[in-house]
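Subject: Structure for you to look at

Hello,

Here is the structure I said I would pass on. Please open it first, then read my notes below.

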Amino acid sequence: MAQSTAVSPCSSINLAFHAPKRGSLLYHDKLSFPRKLHSFQEFGSRASELNGRAVVSSTCNVIRACEPKAIQALLSSEREVESAPKSGGGRRGRLNKVVLAYSGGLDTSVIVPWLRENYGCEVVCFTADVGQGIKELDGLEEKAKASGACQLVVKDLKEEFVKDYIFPCLRAGAIYERKYLLGTSMARPVIAKVRFELTFFALNPELNVVAPWREWDIQGREDAIEYAKKHNVPVPVTKKSIYSRDRNLWHLSHEGDILEDPENEPKKDMYMMSVDPEDAPNQPEYIEIGIVSGIPVSVNGKKLSPASLLAELNEIGGRHGIGRIDMVENRLVGMKSRGVYETPGGTILFSAVQELESLTLDRETMQVKDSLALKYAELVYAGRWFDPLRESIDAFMENITKTTTGSVTLKLYKGSVSVTGRTSPKSLYRQDISSFESGQIYDQADAAGFIRLYGLPMRVRAMLERGI
Amino acid sequence: MAQSTAVSPCSSINLAFHAPKRGSLLYHDKLSFPRKLHSFQEFGSRASELNGRAVVSSTCNVIRACEPKAIQALLSSEREVESAPKSGGGRRGRLNKVVLAYSGGLDTSVIVPWLRENYGCEVVCFTADVGQGIKELDGLEEKAKASGACQLVVKDLKEEFVKDYIFPCLRAGAIYERKYLLGTSMARPVIAKAMVDVAREVGADAVAHGCTGKGNDQVRFELTFFALNPELNVVAPWREWDIQGREDAIEYAKKHNVPVPVTKKSIYSRDRNLWHLSHEGDILEDPENEPKKDMYMMSVDPEDAPNQPEYIEIGIVSGIPVSVNGKKLSPASLLAELNEIGGRHGIGRIDMVENRLVGMKSRGVYETPGGTILFSAVQELESLTLDRETMQVKDSLALKYAELVYAGRWFDPLRESIDAFMENITKTTTGSVTLKLYKGSVSVTGRTSPKSLYRQDISSFESGQIYDQADAAGFIRLYGLPMRVRAMLERGI
């Protein structure tokens, strides 16, 4: 008899192992990504040997309410588990093999045994390098296996991250709520996509998603350490930071602790990616950014790959204390949160690309582009990277920035970036028109007719008001 | 026999004095303002005593291409002038009394005799104090009269400028093309409005401005004239006369016994008021050139700014700043105070290439020390008081608002309506923001509001009652439903 039961509020919709009655089944939705929805009978017959295509995501070291984590518990009530023909299943259900986004920290080290205990599955650890500063990659494999994983897969995603996610956002001029340069928002899709691809190729396109932090009973660090010890998992000796941080090639974010009161100024020693502007060099530094069709390609004349270019600018920018942002933002999930972001290279790049556009884009264009940029940032912030709307706006952006080629010189000094010069072979600026000398192209008398017609609606309105 | 003849390209459409043949007449459009279009017969009979209503405006000290000057030649051909029964008219026509926006500089000093010569009118000089730094006001009246003006009217518009023009733009978050804080754009309407008032007070029939035909200011002045009194004639000598530059102007002044001001000419074209100081021209005309250190006047070089940061607290009520470091100040005083503090730390320097309304790009450098601090403060406080949807709509409207103000459409119902939205939506934006000023940059260090929508008990890492993390499951499921349905479609599910 088909059953689908909802269980505790901590988990989402479940799927029973028996062949369901048609029609009585709750829609089995897969939270993070689409997959083929076979009929439930098909599903039910395979339930006992669910080629569990599950991907467990826990990309942060610390539990964070701000990350929308899709959770999909296949079974969570004990009743189903008891009645289900168990073949090596766990407390919560049966999955075959799970890919876990793994960092080597306490959280993810604990998830490995937890998954095995609760779903009776194999665990493949996956580590994505998006520039967060992965150290000791060899040690990582040992650590994963010591936790109980059968395998560790590592992929260097830095170039893809910068080229396919960061640079489009930069080209679009996407800034969320005036300040946030979207660092974490851009990183999530790139990891999810790879995760999807990995699973898709390895198994069948039917993925279950488990997010343990919404399921388990582990409340904090102490619980996690205790759980690890109970399962003979080596506890990582990394010192816990009082702040919650997320780091990648684009930015470093800080939340928590004293930052939770928006009245508090961040402490000087919190920052990690940039020096304090007061300690930055007393001499300004000039840099030149080369741009082709809205995409940065060189620093000081040196052509660099996307990730290398960003890394280079992070180093230079960090040295001058560039790119520190302190803000209270509106999260997608409804509350406001206060965060501090360090985006040294990104801040330099935004300044350069936007400045070059002032040469190559006309007035109407800039208006529309900036309006769309607002929407673009909202989409990316909300995790809607693979949304056709975002893709369509990108098509616009790619097209409209075709001529945004040239270079911009910036001055970096004590935390600020200022433009000192810009040049482009596609510049729409002409000195012979705008100069104070009268030219042939611009006839001052034209202004008379222009104003007459441009102001005609206003005159008509005023005539109406006066009964003329 | 009715005739309308177009003359030299330097002037606009002309009107004949004779009664026209019906139908053969070119439409006489009035550049600056509509007026009752009587039949041409009527017009012809009045031609000899055209009650020209014109206002001449020249608010700049230095000849500047960026100042738009609307020009309205009522009559410009000599033939018409000869045949018209003249009663005290000038070379180009007849106006009774013109209000000229006057600065005391070379330009406006020359415009006075030029108006009298060309329009046979009386000239009332009008000087608006919008914080540009007017010195020697007494000397100004003598100067104006020595140029030939019958009167000088001076009005202190600083408080009105800040309260009724600057603060609404600040509240709206209006920034043009990412950087420009609209300093000159906001000043023109307040000056032009005052000119319209003065014209009424002195019984003038015309206004005139001294803006060139290459800039935005001509548009900003004239749109204001259109909106407030469409019956005023507008004269913009810059688009009419033969004076090409400083030497011509000096020569003209001498010929008409007008004392030449001894102010040293700056190589830059500048506009200054309580909000900002702008620089254009000279080496700035090449966007590749870095501005020279000695060009700046309203702020110190960040490298010369104090080595110690300075913290200031801005108090805000309903989106409008009201106090600095706890001290309540009037709008103009508050801005002046922040200009001083900000200038000391090299705050607010902007270098940009912008799209002018009149079609070309121009490069300008702006110093907006106090304004930059205020923008930072007001926008920061909104992060506590505005929710997500609100901020999106507000920021979208801010783009449009800035476009309207930049284009001189201050007295446009659209701008007024957006202001009504802004006033309403910022009602709860009350509180204070602490900023750190250091070597040219402003950073936020803290913000607080009794109307804050931020709750530590919700966003904190501790689990709270109000926010149940399990809710996220349902939220994501439904929020992502369209994406899932789309993917299912793509997979033939």
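This is a predicted model: local features need pLDDT of at least 70, side-chain atom pairs count only at pLDDT 80 or more; totals for chains, interfaces and linings use all residues.

Helices and strands here are runs assigned by DSSP and numbered from the N terminus.

Chain A has 14 helices and 14 strands, while chain B has 15 helices and 15 strands. Of the 468 residues in chain A, 56% count as buried; in chain B, buried residues make up 60% of 493. The accessible surface of chain A is about 18800 Å², and 52% of that belongs to carbon and sulfur atoms. For chain B the accessible surface is also about 18800 Å², with 50% of it from carbon and sulfur atoms. I also looked at contacts between residues at least 6 apart in sequence. In chain A, 73% of these contacts join residues at least 24 apart, and in chain B the share is 76%.

Next, two helices of chain B. Helix H6(B) covers residues 183-202, which makes 20 residues. From its first C-alpha to its last, H6(B) reaches 29 Å, close to the 28 Å expected at 1.5 Å a residue. Of its 20 residues, 17 are buried, so H6(B) is largely enclosed by the rest of the structure.

Helix H7(B) covers residues 217-228 and has 12 residues. Its end C-alpha atoms are 17 Å apart, which agrees with the 16 Å that H7(B) should span at 1.5 Å a residue. How many residues of H7(B) are buried? The number is 11 of 12, so H7(B) too is largely enclosed by the rest of the structure. Among the buried residues are Asp217(B), Arg220(B) and Glu222(B), and also Phe221(B), Phe225(B) and Phe226(B).

Then there are two pairs of helices. Two packed helices are described by the angle between their axes and the distance between the axes.

The pair in chain B is H5(B), residues 158-172, and H12(B), residues 413-425. Their axes come within 9 Å and cross at roughly 70°. Angles of 65 to 115 degrees count as roughly perpendicular, and H5(B) and H12(B) are therefore roughly perpendicular to each other. The crossing is left-handed. On the H5(B) side, Pro168(B), Arg171(B) and Ala172(B) take part; they meet Asp419(B), Met422(B) and Glu423(B) in H12(B).

The pair in chain A is H13(A), residues 446-454, and H14(A), residues 456-466. These helices pack at an angle of about 50°, with their axes 4 Å apart. H13(A) and H14(A) are therefore oblique to each other. Arg452(A), Leu453(A) and Tyr454(A) in H13(A) meet Leu456(A), Pro457(A) and Arg459(A) in H14(A).

Last, a single residue. Is Gly431(B) buried or exposed? The cut-off for buried is under 20% relative accessible area; Gly431(B) has 15%, so Gly431(B) is buried. Gly431(B) lies in strand S14 of chain B, residues 431-438. Leaving out residues up to four places away in sequence, Gly431(B) touches Ile314(B), Gly315(B), Ile316(B), Leu381(B), Thr448(B), Ser449(B) and Pro450(B). From Gly431(B) to Leu115(B), the separation is 316 residues in sequence and 52 Å in space, C-alpha to C-alpha.

Regards

Notes:
Residues are numbered from 1 along each chain as its sequence is written. Chains are lettered from A and ligands numbered from 1 in the order in which they are written. Side-chain values use heavy atoms; hydrogens and water are left out. Buried means under 20% relative accessible area, exposed over 50%, partly exposed in between (1.4 Å probe, protein chains only). Contact means heavy atoms within 4.5 Å. Accessible areas come from the Shrake-Rupley method with a 1.4 Å probe; for residues, only the protein chains shown count as cover. The expected span of a helix is 1.5 Å times one less than its number of residues. Axes are lines fitted to C-alpha atoms, for helices over the stretch in contact, and angles run from 0 to 180 degrees between N-to-C directions. Angles under 35 degrees count as roughly parallel, over 145 as roughly antiparallel, 65 to 115 as roughly perpendicular and the rest as oblique. A crossing is left-handed if the near helix is turned anticlockwise from the far one by less than a right angle, and right-handed if clockwise.
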